[in-house]
Amino acid sequence: MRKAYGVVAAAILIMGTRMLAPQLLRFRVLIDFLSYYTAAIGYRQGNIYDVDFLTRFLHPLGLYKTVIAVHSHMYPYVYPPAFAFYLQPLGLLRYGMAYRLWLLGSWALLLGTTYLIWRMARAHTALWGLETKPYAFAVILILLVYTLPFDVDLSQGQVNILLVFLMTLALMWGLEGRREGAAGVALATAALIKLTPILLLAYFLVERRWRLIAATLGAAFLIALPTLLFGGWAHWLAYLHFLLRSRSALEVKALVGTEAPYNISLLGAWSRVLGRSTVALILHGLSVLILFLIAMRAHARARARGRGRWTVLLAYLAAMVLAAPYGWIVHIVYLLPGAVWVLYTLWERDTKLAWGLLLALLFAGLDFPELYGVFPLLSALPPAARSLNTGALLFIYLLGVYTTLREGRGVEGEA
């Protein structure tokens with residue numbers, strides 16, 4: 001089995017080398033990482049949610065002309081203050097060193113995430129048959145790493161690979177039932193980088209992991225407490241104000257408004273039909289609630305029969321991606337832990353659906369907003385119908401629910 005995982009590791013090393021070598025060897029401006037880095041530098045100096053304030057740091061860094069020439073403007077910092085607070089040590093390093101460490105760390109975390117998934121499969125080998133089919137599991141992991149837009153996350157210096165690692169760690173420890181406190185810390189950390197991972201508490205609610213839920217809430221408070229004690233009140237108030245006015249505050253081309261085709265969330269789909277409106281926001285909230293209630297109902301029914309706790313993850317993770325007010329194809333990588341189990345299950349029992357899921361995952365990660373004006377068939381779509389990524393995510397969600405409800409007989413160790 002070690003040799004089989006060695007194949008996975010080799011595939012990730014090859015992908016990382018191809019993607020990162022040019023950025024490690026030559027100086028590059030990673031626009032997403034730059035917003036994290038400048039927020040860390042400016043945490044004690046001003047409002048990190050003010051794009052103009054962050055832009056001031058480009059001059060001493062010698063990056064202003066490059067950012068304006070390549071991206072036309074600085075990207076805003078859009079995450080909770082705790083993330084910038086704990087990134088402050090990274091802000092003490094020169095930009096060139098900081099972004100290279102970030103890229104290497106993301107690469108290592110991707111490798112670590114696949115190892116955690118492999119460990120979960122080994123711990124439940126009677127359920128997944130890893131001993132008899134290790135290379136099949138390895139191929140599925142490699143397919144998903146290459147199908148999901150991990151390459152975009154790596155090349156842009158995004159934070160999403162860290163989030164996938166933390167959520168996978170929380171799921172592994174939470175499902176083991178012996179490290180629920182540590183699982184809560186991992187999930188709380190993810191939620192203090194971006195808010196949406198907190199929605200995974202719905203999964204643990206059905207699993208009745210009360211200690212994990214309490215640990216998540218307690219850890220979130222303890223992790224955020226230092227930010228409040230060291231001048232963080234102003235940042236948290238600014239963040240709240242930012243969230244309430246985010247429709248006009250996000251000064252990024254891809255996020256000018258919720259109706260932009262780059263927004264793959266349910267709010268994006270509703271806004272393209274109804275425009276930026278209160279009605280679209282209400283329908284978004286109701287849609288997200290319905291998705292989670294359906295997933296929780298399917299989860300509860302399957303769990304009562306001693307099965308389904310693995311495959312239903314795909315439904316929860318897809319609903320989590322759709323729930324964010326602003327979604328982008330880089331967020332598709334959150335599906336990895338759930339997609340592995342569903343694809344492996346379908347590959348054994350329904351090859352057609354397995355190919356359907358793989359194609360849907362590929363489809364969801366395609367940059368359709370860049371293609372709508374290129375291909376005649378896509379450019380003919382009216383703006384209201386330009387939600388192909390969202391539709392693919394909904395299909396993936398339904399496959400997660402469907403596979404959970406038709407899971408095979410329960411196996412000892414899964415109940």
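1. Ala-123 is found in helix 8; helices here are DSSP runs of H or I with at least four residues, numbered from the N terminus. Ala-123 is exposed, with a relative accessible area of 56%. Buried means under 20% relative accessible area, exposed over 50%, and partly exposed in between, with a 1.4 Å probe and protein chains only. The C-alpha atoms of Ala-123 and Leu-58 are 48 Å apart, and 65 residues separate the two along the chain.

2. The model is predicted: local features need pLDDT of at least 70 and side-chain atom pairs count only at pLDDT 80 or more, while totals for chains, interfaces and linings use all residues. Residues are numbered from 1 along each chain as its sequence is written, and side-chain values use heavy atoms, with hydrogens and water left out.

3. Helix 8 (residues 95–123) packs with helix 1 (residues 2–25) at an angle of about 165°, and their axes are 10 Å apart. Axes are lines fitted to C-alpha atoms, for helices over the stretch in contact, and angles run from 0 to 180 degrees between N-to-C directions. The angle therefore makes helix 1 roughly antiparallel to helix 8, a term for angles over 145 degrees. The residues of this contact comprise 18 nonpolar, four polar and one charged. Ala, Val, Leu, Ile, Met, Phe, Trp, Tyr, Cys and Pro count as nonpolar, Asp, Glu, Lys and Arg as charged, and the others, Gly among them, as polar.

4. The largest nonpolar core has 140 residues, and those with the most contacts inside it include Phe-33, Tyr-316 and Trp-341. Such a core is a set of buried Ala, Val, Leu, Ile, Met, Phe, Trp, Tyr and Cys residues joined through side-chain atoms within 4.5 Å. Leaving aside residues up to four places away in sequence, Tyr-316 touches Leu-200, Ala-202, Tyr-203, Val-206, Phe-292, Ala-295, Met-296 and His-299; contact means heavy atoms within 4.5 Å. A second, separate core of six residues has Ala-82 and Ile-223 among its members.

5. Arg-208 belongs to the loop between helix 14 (201–206) and helix 15 (210–244). Its phi is near 60°, a positive value in a residue other than glycine. Most residues other than glycine have a negative phi. Arg-208 is exposed, with a relative accessible area of 56%.

6. Thr-390, in helix 24 (residues 388–405), counts as buried at 2% relative accessibility. Residues up to four places away in sequence aside, Thr-390 touches Asn-263, Ile-264, Ser-265, Leu-266, Ala-269, Arg-272 and Leu-322.

Methods:
Helix = DSSP H or I, 4+ residues; strand = E, 2+ residues; numbered from the N terminus. Parallel < 35°, antiparallel > 145°, perpendicular 65-115°, else oblique.
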